[in-house]
Amino acid sequence: MRTYAMTGGATGIGAAVKKMLEESGGHVINVDIQESDIVADLSKHKEREKAVEKIREAAPDGLDGFIPSAGLGPAVPDWPVIISVNYFAAKVLTESLKDLLMKKKGAVVLISSNSAPLPGLDENLINAILEDNDEDKSHDLIKSLDGHNAYAGSKLALTRWMRQIAPDWIADGVRVNAVAPGATMTPLLQQGLDDPGYGPLIRDFTVPTGDFGTPEQIASAIMFLLSEQASFCCGSVFFVDGGTDALMRPDQF
Ligand code: NAD
């Protein structure tokens, strides 16, 4: 049986991935702050360690895939926690599970965002996260910035980290890729829509295909990247956003 570990499978995109994996016969070990196989608050170092330990107990023979989907949106008022969950938890868990993924030549799909390449992000913050790998420093810096920097900055750093490791990790048999969703109708997006500051901005975002995405539309792309059909995909950033990125950055390729 194929065995997968994931985070954030309680709701939204993660829940859709979990359902698709289970329907295709896979066994899924989910870590979430809400009810799940392993309950952990991934913003906290100790809880990350506990989650890794429990995944190891549940999948001693290895993992066919890992999908760190847990994330917080820009409207969450605790900006340091956004960075901790979106970047540091995703990175630390992925690194900690590499040996289990190597056992089964597994695949990792990280969740970026189509907001990651948008201009105006604070480079000092990105450097503190990505180059310095300094969670405390990133927490200090974000206090004088905003939720957009916390969200898009953590997603940009995560995507760059993915691009840095993908060529090396495939030498160990582990394929790493990312999806970059656009606005997708989940509790995270709803929180943004309900926010007086972010709500109007999100509604103004043009989605060429029409509506916001569904969790299933993002999950389908994740399922592809996890599958053998994607065996030549390595270090890819798969935009699944109804054409918004193409509309906003047509020449940046
Ligand atoms: P969601 O809120 O439905 O799901 C997020 C999940 O993460 C939830 O199950 C939640 O309980 C879990 N979580 C939150 N904080 C946690 C913590 N401290 N510890 C453990 N688990 C925690 O949101 P979603 O839209 O499905 O988001 C999934 C991923 O997709 C996130 O990484 C998000 O940044 C990304 N994304 C979403 C959109 C969108 O428009 N919905 C767009 C781009 C990227």
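**A close look**

Tutor: Gly235 is placed in the loop that runs between α10 (215-226) and β7 (237-240), where helices are DSSP runs of H or I with at least four residues and strands are DSSP runs of E with at least two, both numbered from the N terminus. Before going further, please keep in mind that this is a predicted model, in which local features need pLDDT of at least 70 and side-chain atom pairs count only at pLDDT 80 or more, while totals for chains, interfaces and linings use all residues. Residues are numbered from 1 along each chain as its sequence is written, and side-chain values use heavy atoms, with hydrogens and water left out.

Because its relative accessibility is 5%, Gly235 counts as buried (buried means under 20% relative accessible area, exposed over 50%, and partly exposed in between, with a 1.4 Å probe and protein chains only). The C-alpha atom of Gly235 is separated by 5.0 Å from that of Ala166, although the two residues are 69 apart along the chain.

Another buried residue is Thr7, with a relative accessible area of 3%, and Thr7 belongs to strand β1 (residues 3-7). The side chain of Thr7 makes two polar contacts to backbone nitrogens, that of Ser69 at 3.0 Å and that of Ala70, also at 3.0 Å; a polar contact is a pair of N or O atoms within 3.5 Å, where within protein one must be able to donate a hydrogen and the other to accept it, and residues adjacent in sequence count only if both atoms are side-chain atoms.

Leu72 and Ile82 are ten residues apart along the chain, and their C-alpha atoms are separated by 5.4 Å.

Lys105, in the loop between α4 (98-103) and β5 (107-111), has a positive phi of about 50° although it is not a glycine, and Lys105 counts as exposed at 63% relative accessibility. Asn133, in the loop between α5 (123-130) and α6 (135-142), likewise has a positive phi, near 55°, without being a glycine, and Asn133 counts as partly exposed at 40% relative accessibility.

An oxygen atom of the ligand is 2.9 Å from an N or O atom in the side chain of Thr11, an oxygen atom of the ligand is 3.4 Å from a polar backbone atom of Gly12, and a nitrogen atom of the ligand lies 3.2 Å from a backbone N or O atom of Ile33. On its own the ligand has 830 Å² of accessible area, and the protein covers 94% of this.

Key:
Accessible areas come from the Shrake-Rupley method with a 1.4 Å probe; for residues, only the protein chains shown count as cover.
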